[in-house]
Every structure is written in structure tokens, then in C-alpha cells.
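Hi,

Here is the structure I promised to send over. Have a look at it first, and then read my notes below.

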Amino acid sequence: MISVLRLGHRPLRDRRITTHVALVARAFGADRMLITEDDKNVFESVKDVVDRWGGDFGIEYVKDWKGYIKTWAGTTVHLTMYGLPVDENISEIRDAGNDILVVVGAEKVPGDVFRYADYNISVGNQPHSEVSALAIFLDRFFKGKELKKEFGGKMEIIPSKNSKMVRHLNEKRRF
Ligand code: SAM
């Protein structure tokens, strides 16, 4: 199981990015996201996507993130541009076979996170974003197979060269 802990969410300001972190987590194979603010708006957006597009991705509020990381029984991976290269560590992380807690920040991440994490992992050593870092980490972890995951939602896209094609499943239509 892969959980993503999103630290430092500021309601209003980070709402869009936090929602994108959740959408990437879901679409790229993680099982749930934990956020440190009880932001109803983010919860509703994510639940709406899960309702329409399927899967059992969950989103939960975690008040005490320090306690959560410290007592995590599996492997904790903190994504940071200061960490060790993802490609040199991903096999070890994957092969351990543990539940994984992937921690991503917003602005400045408290120093404790670097100490509590089993791995501080970089996706390149340039600053970019929690959204891109998470996507690439999960893609490396699943070796690209996550893109073929079936979600079994109410609707699914029929890939098309030049139009938007969506199949609505289990929907009775009147013609
Ligand atoms: N300077 C900030 C810091 O102290 O970490 C960077 C904040 S950045 C806008 C938000 C988050 O994106 C970071 O906390 C980290 O999780 C992720 N991130 C940004 N660049 C990254 C990189 N090159 N590798 C891994 N994660 C990165």
C-alpha cells in the first residue's frame, strides 16, 4: 500500500496544488492521501473524482503528522530536491516490499522530516513541484505499469486520435 502525506497545506492558497497532488497520487497508483488540514473543499473534489472515475482511493485528515511519521510501520520516503537520486534508490525501496508513506511538502519542510524519513529522495536536484516529484517517483516505483491500471469507474475514456470519447458505464440512456 502506498500512502501520500501532503504536508503544509494552506487552505485557499494551496487548494489547487493539494488537489493535484491527490489526483496524481490516485492516477499513478497510490492508495490514499493524508492531509494535515481538514479542508472540505479538497476532500469533496477528490471524492467527486473517485465517484465518477472509479477506484478506491481514499483521502484522510491527519492532525499529528509528526506522530504519524514516527509511528509509521513501513518505509517513509520524503521527496526533496536535497535527497539522494531516485533512480539509485528505487529498487531498494520497492524490493523491501513494505507499505510506503511518501511525504511531500508545500513551502519549507520542517527539518524533522529529513530525520524521521527512512529515505530522502530527489527527483533531480533542481526545485520543481510536489506534483511532478510525486508523479515521477510513483512512475519509477511501478515501472510505468500504473498507467494501465483499471479503475472501473462510471465513466472511462476511449483513447482517440482527434476527439473526446467517453464511455458511460451502467448508464441507461434514452435515444
Ligand atoms: N525549498 C522547498 C523545500 O525546502 O523543500 C521546496 C518546496 S517545493 C515548492 C514543494 C515540494 O515539492 C517539496 O517539499 C518536495 O516534496 C517537492 N519537490 C520539489 N522539487 C523536488 C525535487 N527536485 N525532488 C523531489 N521533490 C521535490
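**Around the ligand**

Strands here are DSSP runs of E with at least two residues, and helices are runs of H or I with at least four, both numbered from the N terminus.

Before you go further: this is a predicted model, where local features need pLDDT of at least 70 and side-chain atom pairs count only at pLDDT 80 or more, while totals for chains, interfaces and linings use all residues. Residues are numbered from 1 along each chain as its sequence is written, and side-chain values use heavy atoms, with hydrogens and water left out.

Which backbone atoms sit by the ligand's nitrogen or oxygen atoms? A polar backbone atom of Leu79 is 2.6 Å from a ligand oxygen. For Val123, a polar backbone atom is 2.9 Å from a ligand nitrogen, and for Gly124 a backbone N or O atom is 3.0 Å from a ligand nitrogen. The protein buries 84% of the 560 Å² that the ligand exposes when taken alone (Shrake-Rupley method, 1.4 Å probe).

**Aromatic pairs**

The whole structure has 4 aromatic pairs (ring centres within 6.5 Å; planes under 30 degrees apart are stacked, over 60 edge-to-face, the rest tilted). Tyr82 and Phe114 have ring centres 6.4 Å apart and planes at 55°, so they form a tilted pair. Tyr82 lies in strand 4 and Phe114 in helix 5 (residues 111–116), 32 residues apart. Tyr82 is exposed at 64% relative accessible area, whereas Phe114 is partly exposed at 29% (buried is under 20%, exposed over 50%, partly exposed in between; 1.4 Å probe, protein chains only). Ring pairs also link Phe137, Phe141 and Phe142 into a cluster.

**Ile2**

Ile2 belongs to strand 1 (residues 2–6) and counts as buried, at 3% relative accessibility. Its C-alpha is 7.9 Å from that of Gly29, 27 residues away along the chain.

Cheers

How values were computed. Polar contact = N/O pair within 3.5 Å; in protein donor to acceptor, adjacent residues only side chain to side chain. Phe/Tyr/Trp six-rings, centres within 6.5 Å; stacked < 30°, edge-to-face > 60°.
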